[in-house]
Amino acid sequence: MTTTGDRFPIDLGAYQAIRLDPTKPTLTDDERKALQANIQLCRDAIVFFTATGAARGVGGHTGGPYDTVPEVMILDALFRGAPNQFVPIFFDEAGHRVGTQYLMAVLHGDLPAEQLMHYRVAGSKLPGHPELGLTPGVKFSSGRLGHMWPYINGVAMANPGKTVFCLGSDGSQQEGNDAEAARLAVAQHLNVKLIIDDNDVTIAGHPSKYLPGFSVAKTLIGHGMKVLEGDGEDLDGLYSRIYEAVSTPGPIAVINKRPMCVGIRGLEGSNHGHDVISVEKAIAYLEDRGHSAAVDYLRNIQKPKQTYTFIGSGDKWDSNRNVFGDAVVGILGRMSEEERKAKVVVIDSDLEGSCGLKKIHDAHPEVFIPSGIMERGNLSAAAGFGMEKGKQGIFATFAAFLEMCISEITMARLNYSNLLCHFSHSGIDDMADNTCHFGLNNFFADNGLDDGYETRLYFPADAAQMKACVEAVFFDPGLRFIFSTRSKTPNILDAHGNSLYGGDYKFVPGKDEVVREGTAGYVVAFGDALYRAVDAVDRLKQEGIDVGLINKPTLNVVDEAVLNQIGKSPFVLVVEAFNRKTGLGSRFGSWLLERGLTPKFAYLGTHKEGCGGLWEQYPYQGIDPTGIMKKVKELVG
């Protein structure tokens, strides 16, 4: 774990470990004063240490943990006051609010305060979502948004007679998991208390605008839950509602209305507060609060840089996730508005800015539907639109959420839908959110039978290939999945130093591409692994090992000619950022053996939980150029 010689510049020793009696309906003056002091102290600390993530470029989600401090302070005091009455864990179904877990771990003595100054840094064991067993003081793994409440129902069953709390949000309550959890909690009269931050803010906007019929309170009441709603910044009112929830058996939701980032100039009420506060706004806030040492520390943080120079690639780095949107806009622009509206629908799941869909929203709002955090339903809606020949549904979200949509993908296939899916944030690169947000199991999308409706998986290597891929497959029938990374990728160069996918390049679905010829054996890669593999192969050639390189942008189709070519070489090494258990490498060896091809074979992929940080994830998994070169040399012998 990372350590530092610098002292945490806000005195967390001032935290008052008060005890609240859950049988008393009101706060005393001293209790109220102590809670107010704790709230301000913790909010200041959260602004500071999450801003260190902004300064280092690793992000950090300030708004959620900042907003929910009042309820967390009350829960902490209740846990101290009646430890046998509660399961003393701050379960949170919005895992990105991990700042809460790390701060409480410090206040409980499990972490040094100075550790917070390395928030989300590689090797610091403070990733962007809580991971049980990784960080001292963290008592659960949250997974992705909206996954905790069903799990907590089971915790409540395992702890009869105790109260279990779940910190929730209006965003996480949009997930279908929570509807199912509500029904079970009510039916079994589970002693689960939801404490929901209802600030009308998610990543892409305001639920009241993109889901105007949705109400957290009315939805939960409809499931049979008792709901207590009020102002989350009214400390006495908040405590009174929590007291009533604790005093009343069964499932109850305490819904707290407040603006996002209340009290932070330039962020209050804005969806920009959902992610990490900017260094500039954090400094202004901390200066107003008199934390000059914290300000000085922020001003002196140096953003770490990737210093490795990749050969075999150019200097044109671009974001494929945004290029996807540009490419679709180009295609839609060649249609009339009437044709677009008749033939295409684009459905977002609150991630339009992250998946390239905002480009489509801005250019062609007539085909764009901003929707909620409802991946399964939104994918199915897009597929349903594409059920009719000539119509096209388009859906996008993060690749980590593909695992949530397997059944819906099957239904789309069984109904012969025409569905184009873009799953960004594939693999592991630039993923400070860490393991639960890795997009590793993308081959799960190809879960049909051999005679099923066609499914194709595509992972372009650079911006030019992404554009060419979208152009080539946009009007194809069937299910098409296009993957991209969170990180930017450089343009791939051919052996002569020219852009491999420039000029008149045309993408051919199902075709593998020879990037480098070789006699010693071949590396097979795709996506963001390709430019790293190019670097490794070119360096090996400089050392006299004549290794070839294949780009496999169509992941789930065998190119018989290329497979036969490389299968007769001395070795084949597959390199990918996907899960080593479920990725390309897990099936490539079978493809070779089925054809009587027996080169030495190996495959490198993601095989252990992440280390946090950004580019550091690749070398940590041993799939960077150094790891590739090492494995090739082992195969060469």
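Helices (H or I, at least four residues) and strands (E, at least two) here are DSSP runs, numbered from the N terminus. With that naming, Tyr119 sits in the loop between helix H4 (98-107) and helix H5 (148-158). Keep in mind that this is a predicted model.

**Tyr119 and its surroundings**

- Tyr119 counts as buried because its relative accessibility is 0%, and buried means under 20%.
- Leaving out residues up to four places away in sequence, Tyr119 touches Phe49, Thr50, Thr52, Gly53, Val58, Gly59, Gly60, His61, Val98, Gly99, Tyr102 and Leu126.
- From C-alpha to C-alpha, Tyr119 and Ala294 are 14 Å apart in space, while in sequence they are 175 residues apart.

**Two nonpolar cores**

- The largest nonpolar core has 106 residues, and the ones touching the most other members are Phe474, Leu573 and Phe588.
- Helix H19 (residues 529-542) is the top contributor to this core, giving eight residues.
- Another core, of 73 residues, lies apart from it, and its members include Ile39, Ile46, Leu116 and Tyr119.
- What does Leu573 touch, once neighbours within four places in sequence are set aside? Its contacts are Tyr522, Val523, Val524, Ala602, Tyr603, Leu604, Ile628, Lys631, Val632 and Leu635.

- Helix H1 (residues 29-56) and helix H3 (residues 69-81) have axes that come within 9 Å and cross at roughly 125 degrees, and that makes H1 oblique to H3.
- The crossing of H1 past H3 is right-handed.
- On the H1 side, the contact uses Leu35, Asn38, Ile39, Cys42, Arg43 and Ile46, and on the H3 side Val69, Pro70, Met73 and Ile74.
- Sorted by type, the residues of this H1 and H3 contact are eight nonpolar, one polar and one charged.
- H3 also packs with helix H9 (residues 235-247), at an angle of about 50 degrees and with the axes 10 Å apart, so H3 and H9 are oblique to each other.
- H3 passes H9 in a crossing that is right-handed.
- Here H3 brings Pro70, Glu71, Ile74, Leu75 and Leu78, and H9 brings Leu235, Leu238, Tyr239 and Ile242.
- The contact of H3 with H9 has eight nonpolar residues, no polar ones and one charged.

**H20 and H21**

- How do helix H20 (residues 560-567) and helix H21 (residues 585-594) cross? Their axes come within 10 Å and cross at roughly 85 degrees, so H20 and H21 are roughly perpendicular to each other.
- Leu563, Ile566 and Gly567 of H20 meet Phe588, Trp591 and Leu592 of H21.
- That contact of H20 with H21 is made up of five nonpolar residues, one polar and no charged.

- Most residues other than glycine have a negative phi.
- Asp350 is not a glycine, yet its phi is positive, at about 70 degrees.
- Asp350 lies in the loop between strand E6 (344-347) and helix H14 (352-355), and Asp350 is buried, with a relative accessible area of 3%.
- His425 also has a positive phi, of about 55 degrees, without being a glycine.
- The loop holding His425 runs between strand E9 (419-424) and strand E10 (455-458).
- Is His425 buried or exposed? With a relative accessible area of 6%, His425 is buried.

Key
Residues numbered from 1 in each chain as written. Predicted model: local features only at pLDDT ≥ 70, side-chain atom pairs only at ≥ 80, totals over all residues. Heavy atoms only, no water. Axes fitted to C-alpha atoms, helices over the stretch in contact; angles between N-to-C directions. Parallel < 35°, antiparallel > 145°, perpendicular 65-115°, else oblique. Contact = heavy atoms within 4.5 Å. Nonpolar A, V, L, I, M, F, W, Y, C, P; charged D, E, K, R; others polar. Left-handed = near helix turned anticlockwise from the far one by under 90°. Core = buried A, V, L, I, M, F, W, Y, C linked by side-chain atoms within 4.5 Å. Buried < 20%, exposed > 50% of the residue type's maximum accessible area, 1.4 Å probe, protein only.
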